[in-house]
Number of protein chains: 2
Amino acid sequence: MIRNLVNLKKKFDLFVDKWQPKVIAEMNDVQFKLVRVEGEFLWHQHADTDEAFLVIEGELEIDLPNQTVRLGEGEMFVVPKGVEHRPRAVTEAKIMLVEPRGVVNTGDIANEGSAPNDVWI
Amino acid sequence: MIRNLVNLKKKFDLFVDKWQPKVIAEMNDVQFKLVRVEGEFLWHQHADTDEAFLVIEGELEIDLPNQTVRLGEGEMFVVPKGVEHRPRAVTEAKIMLVEPRGVVNTGDIANEGSAPNDVWI
């Protein structure tokens with residue numbers, strides 16, 4: 001199936017909720033997700049997969065066990081599998097995540113912060 | 001290994017050649033590559049994998065068997081595996097490719113347009 005092209009800005013305009021990733025495309029078993037973030041997420045890790053973050057708009061900080069990575073627009077970072085991390089944003093930021101199908105946003109922790117998985121927009 | 005963050009614009013500034021993808025990051029076995037394109041590439045396909053295109057700057061056209069997809073900045077498109085395609089750009093465009101490690105730019109065709117694989121910058 002040939003899906004239509006995806007315009008990132010137009011997709012971001014379709015939702016306002018925070019920390020709720022939306023799938024916009026797939027490449028094999030890898031999903032491209034958009035997420036609006038603001039404030040502090042919880043510490044978590046993904047035991048089975050790396051997780052790529054690309055900042056589309058705004059600024060994102062990712063706390064790691066021994067460092068904090070600060071990303072601006074057009075910057076990306078890959079959190080290796082099994083590494084604890086905590087994404088944070090002082091003001092709202094728009095992020096693209098790239099990770100395998102089936103990854104839950106809160107990783108090893110299931111709680112009220114866990115977003116529904118595989119939600120397409 | 002925790003790699004440093006990647007600034008897309010700074011990475012693009014490190015090279016000027018066209019149609020020669022450079023790897024900037026990996027997420028599991030998936031590579032993120034930057035490529036400058038201008039003019040018309042050759043028709044080809046990748047029998048074993050989808051291929052994702054994200055336009056970082058400029059405009060890209062992707063000819064498909066029965067349609068042409070026109071992508072502007074901030075737009076992405078995934079060419080399904082096995083589908084013949086020909087990327088084109090009237091003026092220079094900066095593109096991010098997302099595809100599994102090992103994919104050759106010319107797919108099923110090996111010729112003078114085939115770029116060295118797995119070249120990191």
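Guide: A:Ile95 touches A:Val35, A:Val37, A:Phe53, A:Leu54, A:Val55, A:Ile56 and A:Leu60, leaving out residues up to four places away in sequence. Contact here means that the C-beta atoms of two residues, placed from the backbone, lie within 7 Å. This is a predicted model, in which local features need pLDDT of at least 70, side-chain atom pairs count only at pLDDT 80 or more, and totals for chains, interfaces and linings use all residues. Residues are numbered from 1 along each chain as its sequence is written, while chains are lettered from A and ligands numbered from 1 in the order in which they are written.

A:Ile95 also belongs to the largest nonpolar core, which has 56 residues. Those with the most contacts inside this core are A:Phe53, A:Ile95, B:Phe53 and B:Ile95. A nonpolar core is a set of buried Ala, Val, Leu, Ile, Met, Phe, Trp, Tyr and Cys residues joined through C-beta atoms within 7 Å. A residue is buried if 20 or more other C-beta atoms lie within 10 Å of its own, exposed if 12 or fewer, and partly exposed in between; these C-beta atoms are placed from the backbone. In soluble globular proteins, nonpolar side chains tend to be buried together.

Now the strands around A:Ile95. A:Val55 stands opposite A:Ile95 in E8(A). Strand E4 (residues 51-57) of chain A has five buried residues out of seven, so it is largely enclosed by the rest of the structure. Helices (H or I, at least four residues) and strands (E, at least two) are DSSP runs, numbered from the N terminus. E4(A) pairs with E8(A) in the antiparallel sense over five bridges. Two strands pair if DSSP finds at least two bridges between them. E4(A) also pairs with E7(A), again in the antiparallel sense, over four bridges. There, A:Leu54 has A:Met76 in E7(A) as its bridge partner.

E8 (residues 86-100) of chain A has a further antiparallel pairing, with E5(A), over three bridges. In that pairing A:Ile62 stands opposite A:Pro87. Strand E5 (residues 60-64) of chain A pairs with strand E6 (residues 67-71) of chain A in the antiparallel sense over five bridges. A hairpin of two residues joins E5(A) to E6(A). A:Glu61 has A:Arg70 in E6(A) as its bridge partner.

Step back to the whole chain. Chain A has one helix and eight strands. Along the sequence the pattern is β-α-β-β-β-β-β-β-β. Of its 121 residues, 38% are buried. Among contacts in chain A with a separation of 6 or more, 63% join residues 24 or more positions apart. The C-alpha atoms fill a box of roughly 40 × 30 × 25 Å, taken along the principal axes.

A:Glu75 is found in strand E7 (residues 75-79) of chain A. A:Glu75 has 19 C-beta neighbours inside 10 Å and so counts as partly exposed. A:Glu75 touches A:Val55, B:Leu5, B:Val6 and B:Asn7, not counting residues up to four places away in sequence. The C-alpha atoms of A:Glu75 and A:Ala25, 50 residues apart along the chain, are separated by 20 Å.

Strands also pair across the chains. Strand E1 (residues 6-7) of chain A and E7(B) pair in the antiparallel sense over two bridges. A:Asn7 stands opposite B:Glu75 in E7(B).

Next, the interface. In total, 28 residues of chain B are in contact with 28 residues of chain A. E7(B) gives the most to the side of chain B that touches chain A, with four residues. By class, that side has 18 nonpolar, four polar and six charged residues. Ala, Val, Leu, Ile, Met, Phe, Trp, Tyr, Cys and Pro count as nonpolar, Asp, Glu, Lys and Arg as charged, and the others, Gly among them, as polar. Since 100% of the interface residues of chain B are also interface residues in chain A, the copies meet through the same surface.

Last, the symmetry. Chain B can be laid on chain A with an RMSD of 0.0 Å by a turn of 180 degrees and a shift of 0.0 Å along the axis. The two copies are thus related as by a two-fold rotation axis. Copies are superposed by least squares on the C-alpha atoms of residues with pLDDT of at least 70 in both. B:Val30 comes closest to the rotation axis of the residues of chain B, at 4.3 Å (C-alpha).
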